[in-house]
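The exercises below concern the overall build of a protein and the packing of its helices. Work through each task with the model in view before reading the solution.

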Amino acid sequence: MKEISQSTRSRLPQYLTYLREIAATSEAASNISSAHIAEALRLGEIQVRKDLAAVSGAGRPRIGYIIAELIDDLEDFLGYNNISDAVVVGCGKLGRAILGYEGFSEYGLNIAAGFDTDFSKTGLRADGKEIMPMEKLTEYCLEKNIKVGILTVPAPQAQAACDRMIEAGIRAISNFSPVHICVPQGIILKNEDIASSIAELSKRLAYNN
């Protein structure tokens, strides 16, 4: 497999989402040009061609990209055809919102269940997904072979909750808790800093004005 930069990886889901929209709304369209994609996504055309060439051979001279083939190649590379189960640890407002969100299935992820230390929340359901006590995390993850976890607990509890997720066999963690956490080598960690993202939007808006 070709070595692909993180910046390219971060753009691939944008291409896939856009192409899926085209495929769903335009029966006549079977091909699309790199110029069209670049204009729609406000990217450089050369960048688009380089990104897509890294994962697909769907481009044709004077024809452009065959949309169906390009979608298949992007889905295969991103792993969206391989549905993975995940759990949410921390079922406050954010955790329950993530637990009930159905859009993850488009990206190959199925949120299977939630876990919380607050017994007043356990036994409840968010769009059919059960919230269970933390004591059952390890048993559930081992039985269901869960490898992906979403962490949404308050900062003081984040490291301990992360450690328990790793003990339960989880190997990839998306951290929404507002604190830095430490993981051992071999564990994939992605920090989702919502506050920082919103602050960055505010700065960019002020700059543009």
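Accessible areas come from the Shrake-Rupley method with a 1.4 Å probe, and for residues only the protein chains shown count as cover. The model is a predicted one, in which local features need pLDDT of at least 70 and side-chain atom pairs count only at pLDDT 80 or more, while totals for chains, interfaces and linings use all residues. Residues are numbered from 1 along each chain as its sequence is written, and side-chain values use heavy atoms, with hydrogens and water left out.

**Exercise 1.** Describe the surface and the overall build of the protein.

*Solution.* Begin with the accessible surface, which comes to about 12,500 Å², with 52% of it belonging to carbon and sulfur atoms. Next, consider burial (under 20% relative accessible area, 1.4 Å probe, protein chains only): of the 209 residues, 37% are buried. Finally, along the principal axes, the C-alpha atoms fill a box of roughly 60 × 45 × 35 Å.

**Exercise 2.** Determine how helix α2 is oriented against helix α3, and which residues form their contact.

*Solution.* Two packed helices are described by the angle between their axes and the distance between the axes. Here the axes are lines fitted to C-alpha atoms over the stretch in contact, with angles from 0 to 180 degrees between N-to-C directions. Helix α2 (residues 34–41) and helix α3 (residues 45–53) pack at about 110 degrees, their axes lying 8 Å apart. Because angles of 65 to 115 degrees count as roughly perpendicular, α2 is roughly perpendicular to α3.

**Exercise 3.** Which residues of α1 meet α3, and at what angle do α1 and α3 pack?

*Solution.* The angle is about 95 degrees, with the axes 10 Å apart, and α1 and α3 are therefore roughly perpendicular to each other. On the α1 side the contact involves T8, R11, L12 and Y15, which meet Q47, V48, D51 and L52 in α3.

**Exercise 4.** Characterise the packing of helix α1 with helix α4.

*Solution.* The axes of α1 (residues 6–25) and α4 (residues 67–78) come within 10 Å and cross at roughly 140 degrees, and the two helices are therefore oblique to each other. Among the contact residues are L12, L16 and L19 of α1 and I67, L70 and L74 of α4.

How values were computed:
Helix = DSSP H or I, 4+ residues; strand = E, 2+ residues; numbered from the N terminus. Parallel < 35°, antiparallel > 145°, perpendicular 65-115°, else oblique. Contact = heavy atoms within 4.5 Å. Buried < 20%, exposed > 50% of the residue type's maximum accessible area, 1.4 Å probe, protein only.
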